[in-house]
Amino acid sequence: MDRRQFLTASAAVGLAALDLPDAEAATRRSNRPGPVVVGRGEVAAVRTMTTTLGDAASEIGGGHARHLAVRYLTVDVKRRLEGRYTDTVGRELSAATSELVHLIGWMARDEGNHGLSQKHNLHSFRLAAEAGENELAATALRGLADQAIDLGHIPTAVRLAEACEQRGRKLNNPKALAY
């Protein structure tokens, strides 16, 4: 992706990331009929797989494991997202999915695919915001800001960093807040 495309896309991302997500989206998806029943165990499985895929990416590079993470997201996690769950489990599932999507964005960036990385970080932000997970939402915004800096789009990076800081104000963990 060349810098002009990134600038156009990043300006839209910067503005989209500042919009408030649909707070009722997660609630609308809960308690509906679906092919599988999802509980906390299934959410824990998503988190465990995300950790495992992240560890593999750290060892051998994101490009080697991204296709596995994408397949896990589009097949296994998608089936769970389309399943039946309570509002609480739905929010936890959205948060766990946000972590996986963020990892896929990092893997794409590791491969040099900035457009795909940007898309995944924005999707990660939206999932985290829907789940009410400010730390995850801020992490996705920080990833977008960092990427914008690397590509020389300082005004966009500043807007994204400001949105990240606003999300971070709601955190209780001093280490997460500093990060």
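Biologist: Which way does H3 pass H5, in a left-handed or a right-handed crossing?
Modeller: H3 passes H5 in a left-handed crossing. Left-handed means that the near helix is turned anticlockwise from the far one by less than a right angle; clockwise would be right-handed. One caution before we go on. This is a predicted model, so local features need pLDDT of at least 70, side-chain atom pairs count only at pLDDT 80 or more, and totals for chains, interfaces and linings use all residues. Residues are numbered from 1 along each chain as its sequence is written, and side-chain values use heavy atoms, with hydrogens and water left out.

Biologist: At what angle do H3 and H5 pack?
Modeller: The angle is about 10°, and the axes are 9 Å apart. Axes are lines fitted to C-alpha atoms, for helices over the stretch in contact, and angles run from 0 to 180 degrees between N-to-C directions. H3 and H5 are therefore roughly parallel to each other. Under 35 degrees counts as roughly parallel, over 145 as roughly antiparallel, 65 to 115 as roughly perpendicular, and the rest as oblique.

Biologist: Which classes of residue make the contact of H3 with H5?
Modeller: That contact has 12 nonpolar, 4 polar and 4 charged residues. Ala, Val, Leu, Ile, Met, Phe, Trp, Tyr, Cys and Pro count as nonpolar; Asp, Glu, Lys and Arg as charged; the others, Gly among them, as polar.

Biologist: Let's step back. How many helices and strands are there?
Modeller: The chain has 9 helices and 0 strands. Both are DSSP runs numbered from the N terminus: helices are H or I with at least four residues, strands are E with at least two. Along the sequence the pattern reads α-α-α-α-α-α-α-α-α.

Biologist: What share of the chain counts as buried?
Modeller: 43% of its 179 residues. Buried means under 20% relative accessible area, exposed over 50%, and partly exposed in between, with a 1.4 Å probe and protein chains only.

Biologist: And what share of the contacts comes from residues 24 or more positions apart?
Modeller: Such pairs account for 77% of the contacts with a separation of 6 or more. Contact means heavy atoms within 4.5 Å.

Biologist: How many residues are in the largest nonpolar core?
Modeller: It has 20 residues, and Leu100 and Met107 have the most contacts inside it. A nonpolar core is a set of buried Ala, Val, Leu, Ile, Met, Phe, Trp, Tyr and Cys residues joined through side-chain atoms within 4.5 Å. Helices H3 (40–60), H4 (62–81) and H5 (87–110) each give two or more residues to this core. H5 brings the largest share, 8 residues. Apart from this core lies another one of 16 residues, among them Phe125 and Leu136.

Biologist: What is Met107 in contact with?
Modeller: Beyond neighbours within four places in sequence, Met107 is in contact with Leu53, Ala57, Gly62, Gly63, Ala65, Arg66 and Ala69.

Biologist: How do the axes of H4 and H5 cross?
Modeller: They cross at roughly 155° and come within 9 Å. That makes H4 roughly antiparallel to H5. The crossing is left-handed. By class, the contact of H4 with H5 has 14 nonpolar, 3 polar and 3 charged residues.

Biologist: Where is Asn113?
Modeller: Asn113 is in the loop between H5 and H6. At 33% relative accessibility, Asn113 counts as partly exposed. Asn113 and Gly63 are 50 residues apart along the chain, with 9.9 Å between their C-alpha atoms.

Biologist: What about His120, buried or exposed?
Modeller: His120 is buried, at a relative accessible area of 12%. His120 is found in helix H6, residues 114–131. Not counting residues up to four places away in sequence, His120 touches Val101, Ile104 and Gly105.

Biologist: Over to H7 and H8. At what angle do they pack?
Modeller: H7 (134–150) and H8 (154–168) pack at about 165°, with axes 8 Å apart. H7 and H8 are therefore roughly antiparallel. H7 passes H8 in a left-handed crossing. Their contact has 13 nonpolar, 3 polar and 2 charged residues.

Biologist: Last one. Where is Cys164?
Modeller: Cys164 is in helix H8. Cys164 is buried, with a relative accessible area of 16%. Leaving aside neighbours within four places in sequence, Cys164 is in contact with Ala138, Leu141 and Arg142.
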